[in-house]
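Here is a short briefing to keep beside you as you look through the structure. Please have the sequence and the 3D view open together.

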Amino acid sequence: MSGGIVVTGWGMVTPLGFNTRFTWQGLLEGTNPFTFLKGPGWEKFETPRAAEALEAWIPHTLITRDRSLQLAFLAAEEAYQQAELSKLSPDRIGTTFSSSKGGLVSLLTAGTGPYESWDYLTDYFPHTAGLLLRQRLGLNGPGFSVSSACSTGIGSIALGARLLQDGECDAVITGSTESSIHPLIYAGFENMGVFSHQWEGPAAFDAKRDGFLMGEGAAAMVLEREETARKRKAPILARLSGWALGADTYHPLEMEPRGQTIVPVIQRALKKAKLHSWNIGYINAHGTATKLNDRVESQAIFKVFGDKPWVSSTKGATGHLLGAAGSVEAVISALVLKKGVLPDTRNLIHPDPQCRIKHVEKGGMKKKVEHVLSLSYGFGGQLGAVIFSRV
C-alpha cells in the first residue's frame, strides 16, 4: 500500500524517561513515577503526589522559559532529528503544537524564582509552544494551535494531517505539552474528587479504581506525505491511517453514560482508515481510572469491537499528562507496531465486570499487531481517535 501520511519521527519527555527510548523502557519495566510534592503551597494537602517529567539537558537560553516550553522543545527536537527534517526546506515544514493550559505555572508564580525577568504572559498562551519550536528550529511553514483539554494531542495530529492533505506543507511537527503541577490546579482536581488515593497509584478498569494522578510531559510526531518521505529516504516508522474528532455535549465534566458519542468517532476513524473493527489489534484507551470514564469508554469500545482487540491504559504508568496525554499515548501506540509489545494497565488486579474489554495481560505481552487505535477525551466534551498501521 502506498500513498497517504506516514510518521517519520517521534520524541517524548515523560515521567518515565527523558526521551522515547527511556520512556518505553520505563513503561515496560514497571517504573513508578509518582513522588510526593513538597514546597510552598503543598503543605495544605495531606499527601500530594504527581508524576514529574525527567529532563535531559536544557539549552541555557530556555532556562527562564516556562517548563512546558522546555519539555516541548526537548520532545520536538528528538522528533526533528530522527526524521532528518534538516533535509527539507524550512518553508515547507509546519507545526501543529499546543498545550491545554499553556504556561500556567509561570503565570501563577510571576515575580518569583526564574520568572522575575521574563514576559510570563507571553509564555502563558497555549500556542507559544508551537511558536517556540518554529523559532528554535527555523521553520517558516504554517503554524496552528489546537487547545482542547486532554484531547489536545489528537486534535493536533488531525490538524497536521489536514495541512498535509491540503498541500500547505511537506512535513509537520505535531504534538502537545503540559506542565501544570501547581497547588491551585491540584486543588481544583482534588475538589472534583478525581484523584486516586491508592498507594500503588491509578488502576484503570479495576473494580477498586478511584481516579488518576497528575503528570507532566510532552510528545511530538513528524508527519509527512508518503511520497515526500520516500523521495528523501526518510525513516518511515508507521502509517497514520485514520483519525476523527467529535464532541460530547452531555455535561461539561461528565460523559454520555452509554458511550453513544464515542462510538461514531471510532467508526469514522475506521472508515477513514478503510479498516474494519476486527483489523484493530490493540487499543490504547483514555482510561483515566475514574469510575464513570472507564465504564463509559469500555461500553463504547465493546459496542464497536466486542472483546476482540487487546486494550490497556498507560496513564497508571505515566500519570495523567492532561494536554500532553493524547500525544504521548499516540507515540506509545505507534511504538507498539514497531516493538511488537503491548503495554499492560498498571495496577489492574481485579477487572471491573462492567468494563467489558479484553485486558492486556499483566506485565505486557509480546504480540505483533498490524493496526492500533488511540483514544482521547477532554473536559468540555472533546473527543478524538487516531489509528496507526504497520508499514
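This is a predicted model: local features need pLDDT of at least 70, side-chain atom pairs count only at pLDDT 80 or more; totals for chains, interfaces and linings use all residues.

**Helix H12**
- H12 covers residues 325-339 and spans 20 Å from first to last C-alpha, close to the 21 Å expected for its 15 residues.
- Of those 15 residues, 13 are buried, so H12 is largely enclosed by the rest of the structure.
- Gly340 follows H12 and has a positive phi, near 70 degrees.

**Ser99**
- Ser99 belongs to strand S4, residues 93-99, and is buried at a relative accessible area of 1%.
- Its side chain reaches the backbone nitrogen of Lys101 at 3.3 Å, and a polar atom of the Ser99 side chain lies 3.0 Å from the backbone nitrogen of Gly102.
- Beyond its neighbours within four places in sequence, Ser99 is in contact with Pro126, Ser147, Thr152, Thr177 and Glu178.

**Aromatic rings**
- The structure contains 11 aromatic pairs.
- In one of them, Tyr186 and Phe195 have ring centres 4.5 Å apart and planes at 40 degrees, so the pair is tilted.
- Phe195 also forms a tilted pair with Phe189, at 6.0 Å centre to centre and 55 degrees between the planes.
- Tyr186 is buried at 4% relative accessible area, Phe195 is buried at 4%, and Phe189 counts as buried at 8%.
- One aromatic cluster is formed by Trp42, Phe45, Tyr186, Phe189, Phe195, Phe212 and Phe379.

**Charges over rings**
- The charged end of Arg136 sits over the Phe73 ring, 4.9 Å from its centre.
- Lys358 lies over the face of Trp310, 4.3 Å from the ring centre.

Technical notes
Residues are numbered from 1 along each chain as its sequence is written. Side-chain values use heavy atoms; hydrogens and water are left out. Helices (H or I, at least four residues) and strands (E, at least two) are DSSP runs, numbered from the N terminus. The expected span of a helix is 1.5 Å times one less than its number of residues. Buried means under 20% relative accessible area, exposed over 50%, partly exposed in between (1.4 Å probe, protein chains only). A polar contact is a pair of N or O atoms within 3.5 Å; within protein, one must be able to donate a hydrogen and the other to accept it, and residues adjacent in sequence count only if both atoms are side-chain atoms. Contact means heavy atoms within 4.5 Å. Rings of Phe, Tyr and Trp (its six-membered ring) pair if their centres lie within 6.5 Å; planes under 30 degrees apart count as stacked, over 60 as edge-to-face and the rest as tilted. A charge sits over a ring if NZ of Lys or CZ of Arg is within 6 Å of the ring centre and within 35 degrees of the ring normal.
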